[in-house]
Amino acid sequence: MTTELTVTGMTCGHCEKAVQNALKSVPGVQDVHVNLREGTATVQGEADPQALVTAVAEEGYGAQVRA
């Protein structure tokens with residue numbers, strides 16, 4: 001399963017890495033690709049989409065599942 005997120009608040013490579021690490025820590029995530037320029041994250045695996053949003057929010061960034 002692939003979950004696409006829109007991520008707000010990222011301004012640098014450190015932000016990108018923080019979001020990537022937060023998403024990788026969610027149970028069920030197999031792979032993560034974060035794109036700073038586009039403000040997106042693509043998550044592979046069976047993770048709960050709300051848990052992904054919460055993990056990003058806990059790092060101080062905004063996130064929502066893309067429709």
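Trainee: Where is Ala41 found?
Mentor: Ala41 sits in strand β3. Keep in mind that we're looking at a predicted model.

Trainee: Buried or exposed, that Ala41?
Mentor: Buried, with a relative accessible area of 0%.

Trainee: Which residues does Ala41 touch?
Mentor: Leaving out residues up to four places away in sequence, Ala41 touches Thr3, Glu4, Leu5, Val7, Leu23, His33 and Val34.

Trainee: And how many residues apart in sequence are Ala41 and Leu23?
Mentor: They're 18 residues apart in sequence, and their C-alphas are 8.9 Å apart in space.

Trainee: OK, zooming out. What order do the strands of the sheet have?
Mentor: The order is β2-β3-β1-β4, in an open sheet of four strands with antiparallel pairing.

Trainee: Which strands stand at the edges?
Mentor: β2 (29-35) and β4 (62-65). Each has a single partner strand, so one side of each has no neighbour in the sheet. From one strand to the next, the twist averages 25 degrees.

Trainee: How many bridges pair β1 and β3?
Mentor: Five, in the antiparallel sense, between β1 (residues 2-8) and β3 (residues 40-45). To pick out one of the pairs, Thr6 has Thr40 in β3 as its bridge partner.

Trainee: What about the helices, which strands does α1 touch?
Mentor: Helix α1 (residues 13-24) packs on the sheet and touches β1, β2 and β3. Its direction makes about 160 degrees with that of β2. Helix α2 (residues 49-58) also packs on the sheet, touching β1, β2, β3 and β4, and its direction makes about 170 degrees with that of β4.

Trainee: Back to strands. How many bridges do β2 and β3 pair over?
Mentor: Six, again antiparallel. In that pairing, Val29 stands opposite Gly45 in β3.

Trainee: And what's Gly39 doing in the hairpin?
Mentor: The hairpin of β2 and β3 has four residues between the strands, and Gly39 takes a positive phi near 70 degrees there.

Terms used: Residues are numbered from 1 along each chain as its sequence is written. This is a predicted model: local features need pLDDT of at least 70, side-chain atom pairs count only at pLDDT 80 or more; totals for chains, interfaces and linings use all residues. Side-chain values use heavy atoms; hydrogens and water are left out. Two strands pair if DSSP finds at least two bridges between them. Helices (H or I, at least four residues) and strands (E, at least two) are DSSP runs, numbered from the N terminus. Axes are lines fitted to C-alpha atoms, for helices over the stretch in contact, and angles run from 0 to 180 degrees between N-to-C directions. Contact means heavy atoms within 4.5 Å. Buried means under 20% relative accessible area, exposed over 50%, partly exposed in between (1.4 Å probe, protein chains only).
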